[in-house]
Amino acid sequence: MDYKYIEQLVERYWQCQTSVEEEAILKAFFSQERVPEHLQTYKAWFAGEKLWQDSKPGPDFDTRIMARIGHEEHVVKARRMTLAKRLMPFYKAAASVAIILTLGNAAQNSFRHPADEGNGYNYESYQDSYDDPAMAYDQMTDALQMVSQSLSETQRQDSLLHPAPGDQPNQKQ
Amino acid sequence: MAGGCNFPGTRPSSLQREMKKISFRDDILPLKDKLYRMALGITFDTAEAEDIVQDTLIRVWGKREEWPGIDSIEAYCTTICRNLSIDRSQKKSAQHVLLDESLHGHPDASTPHEKLAAREGWGLLQNLLRELPPAQQAIIHLREIEGKSYKEIAETLGLSEGQVKASLFHARQQIRKRYTEIQEYGL
Amino acid sequence: MKRGLCLLWIAFSFHVAWGQDFAAKFMEQCAAEQGENLRCQTISPKMMEKLVEVMASENKEKDEEIPAYLLSKLKSARIVTSTGHGKKLFRKAEELMEKNKNRFTPWGEEDPERTNPVFVRKHGDTICELVMLSLTADKKNFTIVNFTGEMDEEFMQTLSAGKIPRE
């Protein structure tokens with residue numbers, strides 16, 4: 001194969017005669033696994049640049065920043081609360097509950113819930129982390145995204161394990 | 001994206017339009033990749049860079065009352081990010097000097113293993129860039145990583161196009177020269 | 001004095017009616033030792049209703065139909081995130097799930113290698129709680145996504161596929 005084009009591009013690159021598009025070609029070319037022997041010289045430079053260019057923060061970045069912001073809002077809110085309305089931050093209360101329960105020897109591993117009533121979630125105790133519905137919405141779409149990803153992976157995995165054309169994947173109930 | 005739902009995120013949601021607000025998620029969070037590349041180009045540390053971007057965004061969030069008055073939210077975020085990056089990288093190199101001195105006795109000592117790593121893509125890039133003056137580093141970043149034209153770089157840095165091209169030429173020549181030296185003599 | 005009474009009241013109400021979702025239970029067990037490393041964001045039923053109300057208005061975008069539908073099935077959400085200690089916390093969550101396998105069942109085939117398993121709690125045919133545990137690839141950070149509501153097969157299909165299935 002004739003690598004004359006690439007060789008010319010490299011030379012023009014060092015002379016600052018290449019366009020942005022041509023530089024992109026160089027980076028892509030040198031990022032390949034196998035680069036011909038005689039062109040190896042500058043591989044690390046261009047490949048290194050491509051590495052840098054393609055770098056991104058981790059996949060959970062969005063979730064963590066939203067969590068930090070929710071926490072910031074929570075801190076500000078707590079400062080603003082008057083003594084009469086003040087409740088301890090949720091996790092401190094939970095920690096106190098844990099201590100009390102341990103002392104009272106009531107630490108059980110199973111959830112207990114009254115016999116009949118619906119699903120028994122104590123919704124009154126749910127304290128919003130976000131005042132702003134727009135932020136809450138952003139956090140929700142983020143969360144839905146994560147679960148969606150996981151479910152679609154499960155689905156794909158299941159259909160690999162139980163390949164049956166036209167059937168729904170087998171899911172444990 | 002490999003499978004799963006695609007959720008809105010490229011435009012303000014009905015909620016945001018309803019509230020008539022600049023959206024953190026749609027206007028500011030998307031800058032994270034760019035800010036990350038910038039922080040990475042200064043600190044050369046992926047974990048540090050990610051922390052810096054997180055801290056930048058938190059700071060920007062903290063100033064949200066000021067958003068309506070800001071001309072370019074992107075420039076605003078970029079400035080904060082750059083300052084944080086420079087700050088952290090200076091603190092780190094101060095630490096490194098101390099550490100090196102205590103471990104090796106001489107600040108410049110490096111093991112053969114480190115020298116080898118320095119020849120591979122990322123390590124080599126870092127070392128070569130660090131040898132350039134900051135102005136040339138910035139131009140390399142904008143050109144090679146962000147793919148900006150000479151005109152755009154000139155506008156961003158407040159230089160003439162001629163100055164940008166001259167600077168870039170010097171930078172690349174220097175890199176080529178050093179590159180060859182390292183390859184041949186392992187310096 | 002007031003604070004003490006407040007705490008006792010909280011403890012009492014939790015003890016008498018364990019109206020807790022998984023995330024709350026997990027925080028109770030781990031928050032004390034983890035402190036700032038572990039955070040729980042809550043979206044209450046009131047906020048969820050607010051979101052659904054706005055989304056139901058006429059000027060919503062086409063690509064918001066799916067989130068609008070999904071949100072309408074949810075009552076609450078909690079997102080727990082950690083900074084560091086990911087592997088340890090993931091294991092703790094898995095243990096908690098295992099201890100309560102009479103309450104939660106895995107969704108899909110069980111795979112010990114999975115780093116983002118989903119579990120559900122059913123009430124008859126309805127899924128009243130959904131829990132996803134997630135560990136990042138570098139094993140450093142851990143997330144729990146925990147929904148309560150009235151989810152069903154259609155909800156799960158929509159969430160998985162990104163399309164609302166036809167009747």
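So, when I say buried here, I mean under 20% relative accessible area. Keep that in mind, and keep in mind too that this is a predicted model.

Let's start with helix H1 of chain A, residues 4–14. Which residues of that helix are buried? They are A:Ile6, A:Leu9, A:Val10, A:Tyr13 and A:Trp14. These residues cover an arc of only 130° around the axis, so they sit on the same side of H1(A). And what do they pack against? From chain A there are helix H2, residues 20–30, and H3, and from chain B there are H8 and helix H10, residues 161–185. Just after H1(A) comes A:Cys16, which takes a positive phi of about 60°.

The axis of H3 in chain A, residues 43–53, comes within 10 Å of the axis of H8 in chain B, residues 134–145, and the two cross at roughly 80°. On the H3(A) side, the contact is made by A:Trp45, A:Glu49, A:Trp52 and A:Gln53. H8(B) brings B:Ile140, B:His141, B:Glu144 and B:Ile145. Sort the contact by class and you get 4 nonpolar, 2 polar and 2 charged residues.

Now, salt bridges. Over all chains, the count is 25. One network links A:Glu23, B:Arg143, B:Glu144 and B:Arg172.

B:Asp55 bridges to B:Arg88, with the closest N and O atoms 2.6 Å apart. This pair links distant parts of the chain: B:Asp55 is in helix H4, residues 46–62, B:Arg88 is in helix H5, residues 73–104, and they are 33 residues apart. B:Arg88 counts as partly exposed, at 22% relative accessibility.

Next, B:Asp87 and B:Lys91 form a salt bridge at 3.3 Å, N to O. They are 4 residues apart in helix H5 of chain B, so about one helical turn separates them.

Last pair: B:Arg178 with B:Glu181, closest N and O atoms 2.7 Å apart. Both lie in helix H10 of chain B, 3 residues apart, about one turn of the helix. B:Arg178 has a relative accessible area of 14%, so it's buried. B:Glu181 is partly exposed, at 21%.

That's my tour; over to you.

Key
Residues numbered from 1 in each chain as written. Chains lettered and ligands numbered in written order. Predicted model: local features only at pLDDT ≥ 70, side-chain atom pairs only at ≥ 80, totals over all residues. Heavy atoms only, no water. Axes fitted to C-alpha atoms, helices over the stretch in contact; angles between N-to-C directions. Contact = heavy atoms within 4.5 Å. Nonpolar A, V, L, I, M, F, W, Y, C, P; charged D, E, K, R; others polar. Buried < 20%, exposed > 50% of the residue type's maximum accessible area, 1.4 Å probe, protein only. Arc of directions from axis to C-beta. Salt bridge = Lys/Arg side-chain N within 4 Å of Asp/Glu carboxyl O.
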